[in-house]
Amino acid sequence: MAILLAFVILGIYLFRNTTPQQEAAGLERSTLAFITVISFLLGALCSGIAGYVGMWVSVRANVRVSSAARRSAREALQVATRAGGFSAIIVVGMAVIGVAVLYASFYVYLGVDKPNSMKLTELPLLLVGYGFGASFVALFAQLGGGIFTKAADVGADLVGKVEQGIPEDDPRNPAVIADLVGDNVGDCAARGADLFESIAAEVISAMILGGTMAKRCKIEDPSGFILFPLVVHSFDLIVSACGILSIRGTRDSSLMSPVEDPMAILQKGYSITIFLAVIAFAGSTRWLLYSDQAPTAWLHFALCGLVGIITAYLFVRITQYYTDYKYEPVRTLALSSCTGHGTNIIAGVSLGLESTALPVLVITVAIISAFWLGRTSGLVESDGTPTGGLFGTAVATMGMLSTAAYVLTMDMFGPIADNAGGIVEMSQQPESVREITDLLDAVGNTTKATTKGFAIGSAALASFLLFSAYMDEVSAYAHQPLTQVDIAIPEVFLGGLLGSMLIFLFSAWACSAVGRTAQEVVKEVRRQFIDRPGIMTYQEKPDYARCVAIVASASLREMIKPGALAVVSPIFIGVSFKILGQYTDQPLLGAKVVASMLMFATVSGILMALFLNTAGGAWDNAKKYIESGALGGKGSDAHKAAVTGDTVGDPFKDTAGPSLHVLIKMLATITLVMAPMFL
């Protein structure tokens with residue numbers, strides 16, 4: 001599909017208009033077309049590799065974690081964390097190297113800054129294809145992976161736990177292997193591709209805004225403002241590695257029982273990472289963003305980075321509060337299970353809706369603070385107008401993602417611990433070993449939820465940047481300014497309404513895809529228990545391969561419809577309203593409607609993703625809380641109600657919710673790439 005879309009992009013760029021700057025630099029349409037297509041394919045390839053690396057590491061680490069759990073909880077935690085850290089550092093490193101190699105290649109090939117050639121400040125606009133390619137593959141990885149893992153999980157839980165009363169990850173459950181494979185596909189591969197494209201999109205948008213600001217302020221050497229995002233994420237690799245290595249284990253077999261809270265140990269590592277990130281960020285701003293025109297500007301931008309780092313920390317803590325069973329919201333949700341399945345669902349939905357408030361307030365304060373810090377930096381345009389506000393927001397986004405490798409480590413930790421628990425259960429290890437892996441699994445559920453909160457926060461800030469970059473690009477191609485979008489114009493308002501509708505329709509199709517596939521799994525598991533009664537007494541072996549085949553084929557089939565909706569909708573809306581604008585004498589109507597669609601879709605998508613992610617994570621940990629022995633423990637009526645809540649939350653938190661992070665950014669990157677079609 002990526003290759004097919006590459007041909008479409010090639011055709012569009014061969015017949016598109018060029019900007020005055022590109023014409024002055026002698027950049028031909030064919031050259032621009034091939035540059036964009038190469039960027040798109042490289043972004044798609046790197047995103048796919050990022051996902052594969054996450055899965056490759058996970059399937060090799062989980063057996064090591066289950067072995068370490070036989071000796072001590074601390075060693076199991078160390079092995080799981082370092083395995084997640086290895087893949088996280090590769091993912092972040094690939095994002096940085098990919099953009100850097102493209103930038104350097106185009107710089108040399110186009111002879112940038114030579115007489116009659118492209119200016120350095122224009123070069124980042126050629127990289128937008130890379131971000132689109134990364135988003136395109138990440139969306140399908142997240143959709144397909146989410147459908148695979150949650151269909152298997154729901155099917156295994158409903159028949160295994162509720163109907164047959166067997167434990168989680170019991171080898172007698174025909175869907176157990178599909179469930180364990182799904183953890184790797186949905187959580188490791190998909191999240192690796194997700195954060196890869198987050199970093200790629202953020203780096204490219206920040207480079208575009210840095211170049212635009214440097215040109216407006218007539219800064220002599222703009223390279224520092226353009227290369228700053230790459231330097232920040234290079235430091236991210238170092239500071240995150242220090243945080244990961246701070247988590248040490250022991251092989252002392254006397255520490256069989258968990259003596260420390262794994263979440264506290266991971267939070268300590270995160271605190272070390274944040275402390276080092278603040279120092280590295282301040283040093284980077286002084287090194288690259290110092291300008292004689294505004295000697296204190298670097299300090300303002302350093303404070304913008306601090307705003308971003310604080311925002312990331314607050315997102316992690318807020319999500320932890322709503323999804324960790326040490327806190328009141330999840331315990332209240334678990335208590336509602338005592339009165340039945342219905343009250344559990346009502347409590348979970350209300351918790352998810354409530355959880356959107358604090359993150360939105362944090363995003364609001366972060367964007368306003370960063371914008372005004374940047375605006376008051378002292379950098380001004382030639383006519384004296386203060387500038388730097390948008391770049392300040394870009395720097396805050398970089399600050400938020402300056403610990404991305406450690407946050408991704410905490411996310412990868414979850415499925416590795418989950419699979420280790422499955423291996424321990426299937427190999428019938430002692431109960432003390434299962435207690436350790438259960439504890440790590442519960443912590444892993446919380447870290448996965450916090451990573452999703454972090455991802456949606458970064459998506460919100462990055463989308464704001466990409467929206468601004470889209471307005472700049474439309475202005476450049478249309479040869480007239482587009483600085484604001486008036487939603488009082490009926491067509492523009494309708495574009496916003498269509499953008500909001502897109503989010504709800506996409507989420508519905510993603511959840512229904514899980515539901516349909518889960519029904520197939522449930523029927524197959526029930527059939528095997530009826531046809532092979534010896535499964536329950538260990539006399540017959542379940543047909544694991546059949547369940548794996550069902551979810552694999554269904555996930556590939558079901559992801560096409562919501563994925564196509566995401567790709568086709570902005571193009572169809574933009575072109576349709578462009579034609580309408582030509583008949584009604586409204587120039588730029590197509591571009592304005594797409595801008596409105598992008599704005600409303602981003603706002604709706606952020607709220608929807610926060611609701612889905614938090615509600616799903618809370619339902620999962622309410623179940624874990626009861627399984628730890630509270631409110632009657634495993635097998636009780638409260639536990640069965642909690643399992644129902646968990647199955648409802650599964651497609652929320654692992655399919656629709658995470659896919660929305662990618663969708664928000666992909667809508668922004670696809671409009672950037674396709675902008676000339678709307679003019």
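Select helix 19 (589-627); helices here are DSSP runs of H or I with at least four residues, numbered from the N terminus. Buried means under 20% relative accessible area, exposed over 50%, and partly exposed in between, with a 1.4 Å probe and protein chains only. From first C-alpha to last, helix 19 reaches 56 Å, close to the 57 Å expected at 1.5 Å a residue; the expected span is 1.5 Å times one less than the number of residues. After helix 19 comes G629, which has a positive phi near 120°.

The model on display is predicted: local features need pLDDT of at least 70 and side-chain atom pairs count only at pLDDT 80 or more, while totals for chains, interfaces and linings use all residues. Residues are numbered from 1 along each chain as its sequence is written, and side-chain values use heavy atoms, with hydrogens and water left out.

Next, select helix 11 (residues 341-354). Its buried residues are N344, A347, G348, L351 and G352. Seen down the axis of helix 11, they fall within an arc of 135°, so they line one face of the helix; the arc is that of the directions from the helix axis to the C-beta atoms. The face turned away from this buried side carries the exposed residues I346 and L353. Among the elements covering the buried residues of helix 11 are helix 19 and helix 20, where contact means heavy atoms within 4.5 Å.

Now display helix 16 (residues 490-531) together with helix 20 (residues 637-674). Their axes come within 10 Å and cross at roughly 145°. Axes are lines fitted to C-alpha atoms, for helices over the stretch in contact, and angles run from 0 to 180 degrees between N-to-C directions. On the helix 16 side, the residues that meet helix 20 include L502, F506 and V514; their partners in helix 20 include F652, L660 and L667.

Remain on helix 20 and select T647. T647 is buried, with a relative accessible area of 9%. Leaving aside neighbours within four places in sequence, T647 is in contact with V154, D157 and L158.

Finally, select T483, in the loop between helix 15 (431-478) and helix 16. Is T483 buried or exposed? T483 is exposed, with a relative accessible area of 67%. The C-alpha atoms of T483 and S468 are separated by 8.9 Å, and these residues lie 15 residues apart along the chain.

Methods. Helices (H or I, at least four residues) and strands (E, at least two) are DSSP runs, numbered from the N terminus.
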